[in-house]
Amino acid sequence: MNISLKWVSLLSGSILLCASAVSADIEVDAGVQAVMEAQAEVKPTSYELSKLAIDLVDESAARKNYVTDPSKPVYFAKGSASRNVSPTNPNFLNIRELIATEAILRAKTDLIISRMATASASEFIALAGPSIQAQLAQASSQQKAAQEQLDRQLESLKAEAATLAEGLDAALAAEAKGITWDDRGKRLLDAIIKKLDETYDSESILEDKKQQVDRLKKRRDNVNSRASEVLLASQELERQIQAIRGDVGTKVSTSIAVESQMPLFGATVMFQAESYDDLYENLQVAVLVAWSPKLEREAQHILLGSGKIVPRESKLSLDDWLGNQDLANMVGPRRYLARDGSDNYIGIAAAEYNKQNLSTMTRAETSATLSAQRMALLSLQAEVAVKKGKEQAGIDSQSLREGSVRTEQLYYEALSESMSQEVKDLNIAGLEKRKVIRTLHPATGKNMVVVVANINSAIAAQSPALMRDTYALLKELNTDQSYRKGQKAGMQEEAAKSKDDTVAYRQGRAAGASGVAAKDNSNQQETKQLPRAQGGESTGQGGTTKPGAWMGDSDVDDPF
């Protein structure tokens, strides 16, 4: 394939645990064990020109023997999706996200179908009735016999015309032998007969030659008439076949419908690959998704705020692990067990921004944050549903060709598919925006904001106690506020008793007048003692714009 630009990247190690980091009291099943080795293997992103994303996922899964094994138990499923998208499309990254979403959902639906599904299937064959077939066979046989008879008459006619022409014109005789019964052949035969007429009209020609020419004319007219009859019969037979074609041929049909719906907890992407070529502008995202009972229980601990947080000293922290990832090439959910013992269900999403209009950066970050949070939530829990169906049918089509009935099959297919995953009104603790970077998308060079959202099991475990303290504080505050409202009301009521007191009014009036007079006398004495001003200086301060970036806070109190 002639590809001017094509890149394929593979990112792995999404839910992997380092074997040496697992304590003896930590439960590990094959769904977690299967991915231990890969996360310890940190590799830079590699680009391969001749492969698709699904090729890399296939190869990596095969190399690590990541296949579903119910005896362990662990379940794996691959998914891929592709679209044509121009690198200049302003929605390239949004389309990339939707393609990744489709790939992940395809893998998840395969997972739930393997666990439980409702299926219906059928195969159906209907043969044509024997009486109709016999009628067609008989009509076809008659038509074939008539055509063969016409062909014999034409051959005899050509031979006789050639014999009569041989004594006159060797070239004309040779042409007569090659006559076919079409418009050109008929014109050629008429030309030969006309030349024979002209030649045999002289007195030197014997009478029997004239009779042979006359007989040739009559035979020509007879063959012409017979050919017309055969043509009409052939057209009638074809009309009959067309009229009953639906009842004549064999019908073969098949159908299958598969439907499944169930909650899926803890299923996440193990690794993801992308490929893009600018010749056909094909963007493909492929993933390998894993699920196991252990992953489900870990999701359960986050959702219920339970579970034990045991540090893994040999593991990287979540932030260090994210720092080792090529986030520009990652999209979708991941899972990581961090050094502090927390399980982290991660979502990674990106959105484009315009470097010449930095207000778009905030919008891009908001958009990517919401997408990343969606991915993390649906990895932790999702109600997954799928309904697929296929119907195919082959219907015989019969036509007349060279006097024989030819049976071919017309193929029809209907394919339907609907997939969904959702979570509604879920109270979730530990959902955070963990990391934001600004970088370039490697395939297109677009400026993008990449956001990592995270659901952290440690935060989720702390949440009930924190929420209890928060609402206890709120209760205490409400009580205090009620006391303060009553206290203020008592103060206001007591103060209102002295409103419009005439005695206090007269006393205040006298004191006010006396105070103003005294102050006026004091001001006049001070004015006489002040020196006069000699000149004035402006206290205004000019300035110029100073570009750059700066902090509004020089010292931040950190009580944590």
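**Figure 1. The whole chain at a glance.** The protein chain has 14 helices and 12 strands, where helices (H or I, at least four residues) and strands (E, at least two) are DSSP runs numbered from the N terminus. This is a predicted model, in which local features need pLDDT of at least 70, side-chain atom pairs count only at pLDDT 80 or more, and totals for chains, interfaces and linings use all residues. Residues are numbered from 1 along each chain as its sequence is written, and side-chain values use heavy atoms, with hydrogens and water left out. Of the 560 residues, 35% are buried; buried means under 20% relative accessible area, exposed means over 50%, and partly exposed lies in between (1.4 Å probe, protein chains only). Among contacts with a separation of 6 or more, 76% are between residues 24 or more positions apart, a contact being heavy atoms within 4.5 Å.

**Figure 2. Helix 4 beside helix 12.** Two packed helices are described by the angle between their axes and the distance between the axes. Here the axes of helix 4 (residues 92-115) and helix 12 (residues 359-380) come within 13 Å and cross at roughly 5°. That makes helix 4 roughly parallel to helix 12. The axes are lines fitted to C-alpha atoms, for helices over the stretch in contact, and angles run from 0 to 180 degrees between N-to-C directions; under 35 degrees counts as roughly parallel, over 145 as roughly antiparallel, 65 to 115 as roughly perpendicular and the rest as oblique. From helix 4, Glu-97, Thr-101 and Lys-108 meet Ser-371, Arg-374, Met-375, Leu-378 and Ser-379 of helix 12. Look for Ser-371, which is buried at 9% relative accessible area. Leaving aside residues up to four places away in sequence, Ser-371 touches Glu-97 and Ala-349.

Figure 3. Arg-83, Glu-102, Arg-106, Asp-110, Lys-388 and Glu-417 are linked in a network of salt bridges, each defined as a side-chain nitrogen of Lys or Arg within 4 Å of a carboxyl oxygen of Asp or Glu. By this rule the count comes to 20 salt bridges. Glu-102 is buried at 18% relative accessible area, while Arg-106 is partly exposed at 24%.

**Figure 4. Two further salt bridges.** Glu-413 forms a salt bridge with Lys-390, the closest N and O atoms being 3.9 Å apart. This pair links distant parts of the chain, with Glu-413 in strand 10 and Lys-390 in strand 9 (residues 381-401), 23 residues apart. Glu-413 is partly exposed at 46% relative accessibility, and Lys-390 is partly exposed at 30%. The side chains of Arg-434 and Glu-432 also meet in a salt bridge (2.8 Å, N to O).

Figure 5. The peptide bond from Lys-72 to Pro-73 is cis, with omega near -15°, and Pro-73 sits in the loop between helix 3 (53-63) and strand 2 (75-84). Asp-425 has a positive phi, near 50°, and is found in the loop between strand 10 (404-422) and strand 11 (431-440). Phi of Asp-500 is near 65°, in the loop between helix 13 (457-496) and helix 14 (502-529).
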